[in-house]
Amino acid sequence: MALLSAEKTDTATDQLLNMWLHGKSKRTQSYYRLYAQRFLEFAGKPLLLVTLAEVQGFATSLEQNNLSASTQRTIMAAVKSLLSFGTKIEILPRNVGAPLPLPKAPDTLSERLLSEIEVLTMIDLESNLRNKLIIKTLYYGGFRVSELCALKWKHLSIRNNKGQITVTGKGIKTRTVLIPASLWVELQRLRGDSGENEPVFRSQKHSHDGQGHLQREWVHKIVQAAAKPAKITGKVSPHTLRHAHASHALERGAKIHLVSETLGHSSIAITSRYLHAQPDDSSGLYLP
């Protein structure tokens, strides 16, 4: 009877996890499930019986394992989200994670921003047409790497002598982004006679879906390789180009609401981080 009861509890936990993860991207589902399983293994008991003590102990264990503050925050945010969701749909009797605040993490955004000249140098020195256009599309579109990898030619269309690209981002939210006419022309040159349902950026060797789409891991390698001739030190990733898009657009006078919509941010507060990362003025400049 005890074994049967344990099996039922495990099944209930699995069902809760599946409901919690429903609608999230495959990448988010993979990481969140991993974080949840890590927490459950630490707790050593069914989620229904978890108390605040286990949640606090798990948070302490992450710190003791010398994980970065941002990683601790990400993992604990996932655990708290699971507990909150379980309470909301009345599978868990109470949200035992609610009293525990998330670990504070320093905002290092300003350390990860590229200058305009650095981005343009990366583009200019990249000799491979496909790779050059990957960098340009990430930068001018402000796309996430997953959005770029999923692009098919049917997602691109011409509009008012410019181009537009429609992507589906986080939360299965669709947005349309305008791109410069020059980039549109270059992408059409890359397309050749490719059909509507073929990938924009085709893998030359590997495909994550069997349809020829470039894997995100290879996009990371392409961007990292392009940073070296440009003499850019530190970590450079596709998301670095997304950061650069936001920062440079705001510096050039783009309205914050427009940048937020272009990037598909869930709130203006997220976009405003770029204003704080590179302020135009400071009270210290007024001192003698």
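**Close-up views of a predicted model**

**View 1. A nonpolar patch on the surface is formed by M19, I89 and I91**. Together these residues have about 220 Å² of accessible area, as computed from a model that is predicted. One of them, I89, lies in the loop that runs between α4 (69-88) and α5 (116-125). I89 counts as partly exposed because its relative accessibility is 33%, a value in between the limits of under 20% for buried and over 50% for exposed.

**View 2. Helix α11, which spans residues 256-263, has buried residues and exposed ones**. The buried residues of α11 are V259, S260, T262 and L263. Seen down the axis of the helix, these buried residues of α11 fall within an arc of 165 degrees, so they line one face of it. On the other side of α11, H257 and E261 are exposed. As a general point, an α-helix has 3.6 residues a turn, so residues three or four places apart point the same way.

View 3. Among the contacts in the chain with a separation of 6 or more, 57% are accounted for by residues 24 or more positions apart.

Note on methods:
Residues are numbered from 1 along each chain as its sequence is written. This is a predicted model: local features need pLDDT of at least 70, side-chain atom pairs count only at pLDDT 80 or more; totals for chains, interfaces and linings use all residues. Side-chain values use heavy atoms; hydrogens and water are left out. Patches are made of residues with over 30% relative accessible area and no salt bridge: like charges are joined within 9 Å, nonpolar side chains (Val, Leu, Ile, Met, Phe, Trp, Tyr) within 5 Å. Accessible areas come from the Shrake-Rupley method with a 1.4 Å probe; for residues, only the protein chains shown count as cover. A salt bridge is a side-chain nitrogen of Lys or Arg within 4 Å of a carboxyl oxygen of Asp or Glu. Helices (H or I, at least four residues) and strands (E, at least two) are DSSP runs, numbered from the N terminus. Buried means under 20% relative accessible area, exposed over 50%, partly exposed in between (1.4 Å probe, protein chains only). The arc is that of the directions from the helix axis to the C-beta atoms. Contact means heavy atoms within 4.5 Å.
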